[in-house]
Amino acid sequence: MLLPGFYDFCCRVRIVSGQNALEKIPAMLKKMKAHTPLVVTDKGVVGAGLVDVVRDAVGKELEIVNVFDNVPVDSDYKIVDEVAKIYRQKNCDSIIAIGGGSVIDTAKGANIVASLGGETLLDYEGFSAVKRKLNPLVVIPTTAGTGSEMTLVAVIADPDRKIKMLFVSYFILPDLAVLDPRMTKTLPDFLTASTAMDAMTHACEAYYCLEKNPLSDSFAMRAIKIISENLLKVVKNPADMEGRLALANASTMAGVAFSNSMVGLVHNLGHTIGAICHVPHGTAMSILLPYGMEYNMHRCGEIIGEILLPLAGPEVYAQTNKKERPEKVVELIRKMNNDLYEATGGRHSRYLNEITDKNGAQVVPESLLPVIAQATMQDGARMANPEECLPADAMLVLEHAWQGKPLDRSKVNKGGTKVKY
Amino acid sequence: MNINKYPEIHPGKKLFKRVYVAIMLWTVGKAIQVAAKVDKEVKEELAKLPDNFTLRMMVAPEKAFPLFFYAKTLPAFVVDKGLLFYGIQMILHKDKEGKIKYLGADPKGKKIDLNIVFKNIEAAWMVLSFQESTATAYMHDRFVVEGDLVHSLTFVRVLDIVEIFLLPKIIAKLAVKRYPKWAEMSPLRKFVKRVVIYIRAYTF
């Protein structure tokens, strides 16, 4: 086992998981001395009737009156400021976030401004800028992927600068995460696929990136195992509630893992593609994960090879030569993407050139790749990647991921010393 | 109780490490100022920072350096020119025209936009004596960043390039994630810039 020279690990979110987990919310909010929550969600969640599911579950014990449902797909700080304003106007004392990554991050941001005061979230950007406890925040994820309910990071866009800003502090962590399969039951197959692959990316990157530590590793390994065993089953049979609960748990575990060990190149490129081309985060992650592993293979191939055990099981792991394990991991992730592509009728993209919008237009044009490559320098995830990634390196990865070719590893720039964890 | 009987106690140990770190911060500050003038890549990186931007790299606690008290008795220009280390800090400023200037180590009267704070002298020692690369130091939580994170990434990249210019390969390899190949940075560029930066940093 690899023991790093130093690490810190913190996971103080209370997790409630099960078929009737939602019913526990009123009692737990009461314990936190909160009585007037503001529900933060988006139109899709309201449209799918999930807010009503929560309302029915909490019953008369907790009245849900204040609902903000205007969170867009890529939330920005202006929305956050708006939510904080409503929070103050309605005299709320807590937030319940119902939704995916964007909604949860918006709620985290709004909680900062609403609890600490001030007019805008921009005042709190950076590492450890939030220095005291915030008001109660309950998170009910409706996708099994973001893991945002367990992270100390809020990623919020700045549309003026076209970047995604990071807000990092232990105080941002929610107080309670509620995992109930009713909340992911209506998720379409292609979204189930891409969000679960997002969780897979969190777990894999947490396992091989620079801030890896034994505690994160155990969460990551178990998350990879659960996803590889359940994902295809759930995509083929959406009513599989046990499988859905398993994926929700895996997503939360992957969230714990990457919140404490950070992520690397795949997220660096994924955040940037999301900010510039508005590609859904899960889609970018599932496409880029094998490329991220290939890019880092010369630096930490042995560690990537260990992922084969939870991914394929002990028989395959034992049968595969140690040197071939990292390549086998990449091969299996690609196979997983292919299987999901077939199971969703082509709606799960495998390459960047396959991503299309509702009108069938290409979302990532090849001409934008150099712009994306340059912008990767402004994303915090580049720090935790084992290998340096400059714009020319990012361009190499992006070109291959766009065309759908495996990365030509002979072209990757090498020259670093042994990775020090 | 007379509070004056209980003066604030400043740490006075580890003098060698403090002086070493202060000298390194001074060297890096001056080197970045020169590199911004002579190297295109550094210039392009620093162009990403907004104008009228002040950056500080320091070791906490702010007033821990023993010479701090003596510095107060000297004329202001001695400190302003960075001739005496006024606390273990390095302040860089980008003005309206985009010029980078090393502003010494006195933060008085300056609005700091980006503050990179080593948590203690040991953390700064580990990084500036190249026992830990910048990336490892970041992973090991050696410093706190106050301000726009994007700008700190720019600064880290500039720091990497300047370290490659200043240090021999055997040491620079410990400080950066990847030492550039000839195709990425020609040896001619590296050695010429190394000489120019050292001469200009230590002369004017």
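**Structural briefing**

In domain 1 of chain A, 25 residues are in contact with 28 residues of domain 2 of chain A, where contact means that the C-beta atoms of two residues, placed from the backbone, lie within 7 Å. This is a predicted model, in which local features need pLDDT of at least 70 and side-chain atom pairs count only at pLDDT 80 or more, while totals for chains, interfaces and linings use all residues. Residues are numbered from 1 along each chain as its sequence is written, and chains are lettered from A and ligands numbered from 1 in the order in which they are written.

**Domains of chain A**

- The side of domain 1 that touches domain 2 in chain A has 13 nonpolar, eight polar and four charged residues; Ala, Val, Leu, Ile, Met, Phe, Trp, Tyr, Cys and Pro count as nonpolar, Asp, Glu, Lys and Arg as charged, and the others, Gly among them, as polar.
- Domain 1 of chain A spans 14-183 and domain 2 spans 189-411, with bounds from an automatic or database domain assignment.
- The centres of these two domains of chain A, taken over C-alpha atoms, are 26 Å apart.

**Contact between chains A and B**

- Chain A gives 25 residues to the contact and chain B gives 23 residues.
- On the side of chain A that touches chain B, nine residues are nonpolar, nine polar and seven charged.

**Residue G98(B)**

- Leaving aside residues up to four places away in sequence, G98(B) touches A47(B) and D51(B).
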